[in-house]
Amino acid sequence: MGKTEYNYKRYKMSEYDLGAFPGSKAGELAENFTVCDQNGKPVSLYDFRGKWVVLETGSITCAMYVKNIPGIKELQVKYPDVEFLLVYVREAHPGSRLGPHQSNGQKIERAEKLRQFYDEPRKILIDDLQGKMHKAYGELPNMVYIIDPDGRIIYRSDWAFPKRIDKILQNRDKINTNEHVQIITAAPWIMIPVVLRGGWDALWDISIALPTIIVAHLKADFQNLKKKLFG
């Protein structure tokens, strides 16, 4: 079963290809994009030239994103010279309570709910309804990019973890090409309440998909190992 529309109505593992990570890589210039802020004002990545940027993607129903917030708050204190940004993308686990985005205006309104739900400390940027930025940067639900003041990517990863971000920021003169993290899913005590924001049907979807999710992650781990060994 292949992908459906970008803002899918119900989660299926087939919506994601964990073995693929398109977009600019570490050592390359980050592709510019234009999204909007919570006031609907256009914001470009180029607006942050001259600053260190940590760019993460997330959504209200993405537990992998939510687990990072306490660690990100600590990093903001530790690295006041770094601009930490969150790009709100499509809902990872939509359902009857909180469904897929229907308009750009609705998405901007939902971004405020996200901020309130999780006490999100970062500037929230909102991708467009078609996910233009999200698709260009890899289309995974919780990616992270670290970009230097010249717009060059020094690190990117398919999954964001504050401890890894911290290590990279401690060694900013080095480009890190290790862009894969071995995971299965967020801890149940985080995942369940976050996914339930989508609805009981959203929780049901991820529950029945769990075996497929595990297999997909293991395949991605194997592909990454082959890449490291054989190029």
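**Close-up views of a predicted model**

**View 1. E139 and the residues around it.** Leave out the neighbours within four places in sequence, and E139 is in contact with K3, Y6, Y16, R90 and H134. All of these views come from a predicted model. To find E139, go to the loop between α4 (132-137) and β6 (144-147). Is E139 buried or exposed? E139 has a relative accessible area of 16%, and buried means under 20%, so E139 is buried. The backbone is worth a look too: most residues other than glycine have a negative phi. E139 isn't a glycine, yet its phi is positive, near 65°.

**View 2. D119, another positive phi.** Move to the loop between α3 and β5, where you'll find D119. D119 is not a glycine either, but has a positive phi of about 50°. Is D119 buried or exposed? With a relative accessibility of 51%, D119 counts as exposed, whereas E139 is buried.

**View 3. Strand β4 between β3 and β5.** Here the thing to follow is strand β4, residues 82-88. Which strands does β4 pair with? One partner is β3 (residues 52-58), which pairs with β4 in the parallel sense over 7 bridges. Another is β5 (residues 123-126), which runs parallel to β4 and is joined to it by 4 bridges. V87 makes a handy landmark: T57 stands opposite V87, and V87 also stands opposite L125 in β5.

**View 4. Both faces of β4.** Stay with β4 and look at its side chains. On one side sit V82, F84, L86 and Y88; on the other are E83, L85 and V87. Both faces are covered, and every one of these residues is buried. With 7 of its 7 residues buried, β4 is largely enclosed by the rest of the structure.

**View 5. The β6-β7 hairpin.** Strands β6 and β7 form a hairpin, with 5 residues between them. The two pair in the antiparallel sense over 4 bridges. To get your bearings, look for I147, which stands opposite I153 in β7. In the turn, G151 has a positive phi of about 90°. How many of the residues of β7 (residues 153-157) are buried? The count is 5 of 5, so β7 is largely enclosed by the rest of the structure.

**View 6. Helix α2 alongside helix α5.** A pair of packed helices is described by the angle between the axes and the distance between them. For α2 (residues 69-78) and α5 (residues 162-170), the angle is about 20° and the axes are 9 Å apart. That angle makes α2 roughly parallel to α5. The crossing of α2 past α5 is right-handed. Which residues make the contact? From α2 come G71, I72, L75 and K78, and from α5 come P162, I165, D166 and Q170. Sorted by type, the residues of this contact are 4 nonpolar, 2 polar and 2 charged.

**View 7. Helix α6 crossing helix α7.** Now for α6 (residues 188-196) and α7 (residues 200-230), whose axes cross at roughly 135° and come within 7 Å. M191, I192, V195 and L196 of α6 meet W200, A202, L203 and I206 of α7. What kinds of residue make up this contact? It has 8 nonpolar residues, no polar and no charged.

**View 8. The buried residues of α6.** Pick out M191, V194, V195 and L196, the buried residues of α6. What do they pack against? Besides α7, the buried residues of α6 pack against α1 (63-66) and α3 (104-118).

**View 9. Two exposed lysines, K41 and K132.** K41 lies in the loop between β1 (34-36) and β2 (42-44), and K132 has its place in helix α4. K41 is exposed, with a relative accessible area of 56%; K132 is exposed as well, at 64%. Not counting residues up to four places away in sequence, K41 touches V35 and C36. Although K41 and L125 are 84 residues apart along the chain, their C-alpha atoms are separated by 9.6 Å. For K132 and V43, 89 residues apart along the chain, the C-alpha separation is 14 Å.

Conventions. Residues numbered from 1 in each chain as written. Predicted model: local features only at pLDDT ≥ 70, side-chain atom pairs only at ≥ 80, totals over all residues. Heavy atoms only, no water. Axes fitted to C-alpha atoms, helices over the stretch in contact; angles between N-to-C directions. Parallel < 35°, antiparallel > 145°, perpendicular 65-115°, else oblique. Left-handed = near helix turned anticlockwise from the far one by under 90°. Contact = heavy atoms within 4.5 Å. Nonpolar A, V, L, I, M, F, W, Y, C, P; charged D, E, K, R; others polar. Buried < 20%, exposed > 50% of the residue type's maximum accessible area, 1.4 Å probe, protein only. Pairing = 2+ DSSP bridges.
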